Amino acid sequence: MEKPVKLGLIGKNISYSFSKKHFEDKFKKLMLTAYTYDLFDLQQIDEVSGLLKDDTVRGFNVTIPYKEQIIPFLDELSDEAGKIGAVNTVKVFADGRKKGFNTDAFGFEKTLLAHRKEHHTSALILGDGGAAKAVKYVLDKHHIAHQTISRKSDLNFENLTPEVVRGHTLIIQTTPVGTFPNVEDCLLFPFEGLSEQHLIIDLIYNPNYTKFIKNAAEKGAKTVNGYYMLEQQAEKAWEIWNLD
């Protein structure tokens, strides 16, 4: 009998995740009967220690709020994950070494390049967690100026004005606000500053259309959700897990 191969996702309150179905469909298609993909809902990051002791675990994805907190539990980081300072994919090698990667940057870059126009030269990043770090890395790579809006930054959700929004035609929403099941929640944001020149990328994929996206679309902005990014980063994670 084949040795079981366990993959999964660690996060907090992650029943909404698409990852389990995505990978289980892949295992069926590839007839990988020994493979499983589980949701490991951790109340705190220390609980990951038990998972790391299981020698059938070959790797896992990492989501909110552990993309930065996972780093001390790993033996090494890819160059990209090191530069970004956040990890969303972990590979466990046969010798037990645990290496962190960031495939969010890959997925976000694919999304950005599919929709960006020449006039999208200045961005606002809403939020400052692990996903925001991957977004910053990609924007820097493409020489797109950016400012962060978060509770802790000088420019925050309380003092952000329509004028500032008008001057930044690329808006990336990286917070979990509005994720299923809290679909009526929405960030405080001056939507009246948006126009048809704006591109809004909301990294949430469940629901398809967050309150934030709906409000932005009403102002004529082009809107994109996080589904394509998610698919792309999941495929990249699969590639990493299968490299020797």
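Tutor: Start with the radius of gyration. It is taken over C-alpha atoms, and the globule rule is 2.2 Å times the number of residues to the power 0.38. This model is predicted.

Student: What radius of gyration does the protein have, and what would a compact globule have?

Tutor: For 244 residues, a compact globule would come near 18 Å; the protein has 18 Å, so the two agree. The C-alpha trace spans about 60 × 35 × 30 Å along its principal axes.

Student: How many helices and strands are in the protein?

Tutor: Eight helices and 11 strands.

Student: What share of the 244 residues is buried?

Tutor: Buried means under 20% relative accessible area. Here that applies to 51% of the 244 residues. Now sequence separation. Of the contacts between residues at least 6 apart, 68% join residues at least 24 apart.

Student: Take helix α1, residues 19–29. Which of its residues are buried?

Tutor: Ser19, His22, Phe23, Lys26 and Phe27. Viewed down the axis of α1, the buried residues fall within an arc of 130°, so they line one face of the helix.

Student: Which exposed residues does the face turned away from the buried side carry?

Tutor: Lys21, Lys28 and Lys29.

Student: Which residue with a positive phi follows α1?

Tutor: Met31, with phi near 55°.

Methods. Residues are numbered from 1 along each chain as its sequence is written. This is a predicted model: local features need pLDDT of at least 70, side-chain atom pairs count only at pLDDT 80 or more; totals for chains, interfaces and linings use all residues. Side-chain values use heavy atoms; hydrogens and water are left out. Buried means under 20% relative accessible area, exposed over 50%, partly exposed in between (1.4 Å probe, protein chains only). Helices (H or I, at least four residues) and strands (E, at least two) are DSSP runs, numbered from the N terminus. The arc is that of the directions from the helix axis to the C-beta atoms. Contact means heavy atoms within 4.5 Å.
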